[in-house]
Amino acid sequence: MAFILVRAANKKKALNSLADIERHAKLTIVGKPKSINTKKAHEVTKAILKKEPRGDIKQAVVVKVKESTTQSIMNLRKIHPPAHLIVISEEYPEYSDIKKEYNKSRIFDGYYSSKRKSSKSDDESKDEDKN
C-alpha cells in the first residue's frame, strides 16, 4: 500500500486526476482522499524529487492505494493526468509525515469512486444472459 500525492492547480484538476488514478491507471483508492496543506505537499515533493517543484499549486490531496508501490508507479507512468502525481512509499522518510497528515486532515470534498460495486442482482442477470 502506498500514498499518492496529487498536486493540482485547482480543485477540478485534482478531481480529474483522482478519477484518472482509478479509471486509467486502474488503481484502487482505499478510504477517502484527504486535503493537505500545500506548503507541506511542497516540502515533501522537494525532499522526494531533490529539486524545487513548481510553486503554482493551489490544491494538494493525498490518497491511499491498495496496490504495491511498484505497480502504482508503473500504472501511473502510462497516464497523463492534469496534475502532478507522486507515489510515496514506505522507503521514504517523508512517508511517516504524509501518514500523519493523512490521518489528521479533512476529507477532500467532491470526490466519489467511479468503480461499481458488484451486487447479487448483477450476478443473477449475468447468469440469465448465459442461458
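**Figure 1. Overview of the chain and its surface.** The accessible surface of the protein chain comes to about 8300 Å². Carbon and sulfur atoms account for 48% of that surface. The model shown is predicted. Of the 131 residues in the protein chain, 41% are buried. The chain holds five helices and four strands. Take the contacts in the chain with a separation of 6 or more: residues 24 or more positions apart make 83% of them.

**Figure 2. The largest nonpolar core.** In soluble globular proteins, nonpolar side chains tend to be buried together. Here, the largest nonpolar core has 20 residues. The residues with the most contacts inside this core are I4, V6, L18, I21 and L76. Which elements give two or more residues to the core? They are β1 (2–8), α1 (11–23), β3 (59–65) and β4 (84–88). Strand β1 gives the most, with four residues.

**Figure 3. A second core.** A separate core of 13 residues is also present. Among its members are F3, I48, A60 and Y102.

**Figure 4. Close-up of L76.** L76 is one of the residues with the most contacts inside the largest nonpolar core. Set aside its neighbours within four places in sequence. L76 is then in contact with I4, I21, A25, L27, L85 and V87. Two of these partners, I4 and I21, are also listed with L76 as having the most contacts inside the core.

Figure 5. L85 sits in strand β4. Is L85 buried or exposed? Its relative accessibility is 19%, so L85 counts as buried; the cut-off for buried is under 20%. Residues up to four places away in sequence are not counted in the next list. L85 touches I4, L5, V6, S17, I21 and L76. Now compare L85 with A8. These two residues are 77 residues apart along the chain. Their C-alpha atoms are separated by 8.7 Å.

Figure 6. Side chains of opposite charge can pair when their charged atoms come close. The structure holds three salt bridges. One of them joins D97 and K40, with the closest N and O atoms 3.9 Å apart. Why does this pair tie together parts that are 57 residues apart in sequence? D97 lies in helix α4 (residues 94–104), while K40 lies in helix α2 (residues 38–49), so the pair links those parts. D97 is partly exposed, and its relative accessible area is 28%.

**Figure 7. The salt bridge of K46 and E52.** In this pair, the closest N and O atoms are 3.1 Å apart. Are the partners buried, exposed or in between? K46 is partly exposed, with a relative accessible area of 41%. E52 is partly exposed too, with a relative accessible area of 49%.

Figure 8. K104 forms a salt bridge with E101. The closest N and O atoms of this pair are 3.7 Å apart. K104 and E101 are three residues apart in helix α4, so about one helical turn separates them. E101 has 13% and counts as buried.

Technical notes
Residues are numbered from 1 along each chain as its sequence is written. This is a predicted model: local features need pLDDT of at least 70, side-chain atom pairs count only at pLDDT 80 or more; totals for chains, interfaces and linings use all residues. Side-chain values use heavy atoms; hydrogens and water are left out. A salt bridge is a side-chain nitrogen of Lys or Arg within 4 Å of a carboxyl oxygen of Asp or Glu. Buried means under 20% relative accessible area, exposed over 50%, partly exposed in between (1.4 Å probe, protein chains only). A nonpolar core is a set of buried Ala, Val, Leu, Ile, Met, Phe, Trp, Tyr and Cys residues joined through side-chain atoms within 4.5 Å. Contact means heavy atoms within 4.5 Å. Accessible areas come from the Shrake-Rupley method with a 1.4 Å probe; for residues, only the protein chains shown count as cover.
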